[in-house]
Amino acid sequence: MKNTFKWAALALAATISLPALAHKAFIVPSSTVLSDEEAWITLDAAAGNDLFYFNHRPLNLEHLAVRGPEGYVQEIDNRAEGKLRASADVHLTKPGTYRIGTSMEGLFAFFVDAEGKRGRARGTPENIDKQIPAGAKDVRITQTQSIVETYVTLGKPDASVFAPTGKGLEFVPVTHPNDLFAGEPAKFRFLLDGKPAKDLEVTVIPGATRYRNAQDEIKLKTDAAGEFSVTWPAAGMYWMNASVEGGKPSVAKAQARRASYTATFEVLPQ
C-alpha cells in the first residue's frame, strides 16, 4: 500500500505489527462527519491499555498522511508528541472523504549467532543484512506490514480513497465508514494482494473499555468474498483490527509475511 501512505519509522513495528497487540494502537479524530465547506480537525494518536485513553505511549506521527478525494494529499499542521499521546491538526478544504493514517513496512530477522544465542534484528530490504551478525545460522526473515488509520468526511461522502492497489492487506468498505448507525448492519471487505482475504479473523471492540469489566469483543470472520458484516450494538467510537500471516512476500529475501490493519470508526445514534 505504498501508494496510499508513506511508510512510517520501523519503531512503529515494535508497537503494532507483531502477532498480538499488547497495547492497542489508535488514531481518533475530533470529528468524523462535517457539513461545512471547510473545517479543522484535531487528531489524537496513541497505543494504550484502554480504548480510547492515553495511558501508555504516543503513536509515531512523523509519517502521518492524509489522502483526500481523487488522490488529493492534505497538509498536516501542529504535529506534537507528548509522553502519552501525539496530536496533529488538519485543515480540510475539499469536500469528500479523507483517509488518515500511518503505515509501516519493514523486515524482522530471527537468527542464531555464532555462539549459539538466539537474536533478532529489524531493518529495511536495503540494510537488514547489516543487522545480522556474520556467521549467523537459522536466519529467518519476515516481512511486516501495518496500517493504523481512520476516516473523516467533509460534506458529501465519496469512495475514491478506497480504491485498492492490489498490494498487501487492504480494507475496502462496502458500507461507507462515515455512514454507520447503531443497530444497523455494515458490510466491509478485505483484500490480500488484490484477492479476497477469506477466513480472515476480525475483532471489533467498542471504546470506553476502562469503564467495563469485559472488552465486549465482537469476533467476526470474512467469507469467500473477503466480506463480513457487523451490527453496531450502540453509538460510540469503535476499534477494529485484522491481521494475517501468509501470502507471498513482496521482498525476495523474506521467507514469511505478516500484515495487520487497525482502524477507528464512529457509530452515530439513529
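I take helices (H or I, at least four residues) and strands (E, at least two) as DSSP runs, numbered from the N terminus. On that basis I count two helices and 19 strands in the chain. I keep in mind that this is a predicted model, in which local features need pLDDT of at least 70 and side-chain atom pairs count only at pLDDT 80 or more, while totals for chains, interfaces and linings use all residues. Residues are numbered from 1 along each chain as its sequence is written, and side-chain values use heavy atoms, with hydrogens and water left out.

Overall form. The C-alpha trace spans about 60 × 40 × 40 Å along its principal axes.

Cores. I then asked how much of the chain is buried (under 20% relative accessible area, with exposed over 50% and partly exposed in between; 1.4 Å probe, protein chains only), and found that 50% of the 270 residues count as such. A nonpolar core is here a set of buried Ala, Val, Leu, Ile, Met, Phe, Trp, Tyr and Cys residues joined through side-chain atoms within 4.5 Å. The largest one has 29 residues, of which L169, F190, W232, M240 and Y261 touch the most other members. Strand β19 (256-267) is among those that each supply at least two residues, and the largest share, five residues, comes from β19. Apart from this core lies another, of 21 residues, among them L34, L61, L64 and V148.

Aromatic rings. I pair rings of Phe, Tyr and Trp (its six-membered ring) if their centres lie within 6.5 Å, calling planes under 30 degrees apart stacked, over 60 edge-to-face and the rest tilted. The structure holds 16 such pairs. One of them, F26 with F54, is tilted, at 6.2 Å centre to centre and 40 degrees between the planes; F26 lies in strand β1 (residues 24-29) and F54 in the loop between β3 (39-48) and β4 (57-58), 28 residues apart. F26 counts as buried because its relative accessibility is 0%, whereas F54 is partly exposed at 27%. Ring pairs also link a cluster that includes Y151, F190, W232 and Y261.
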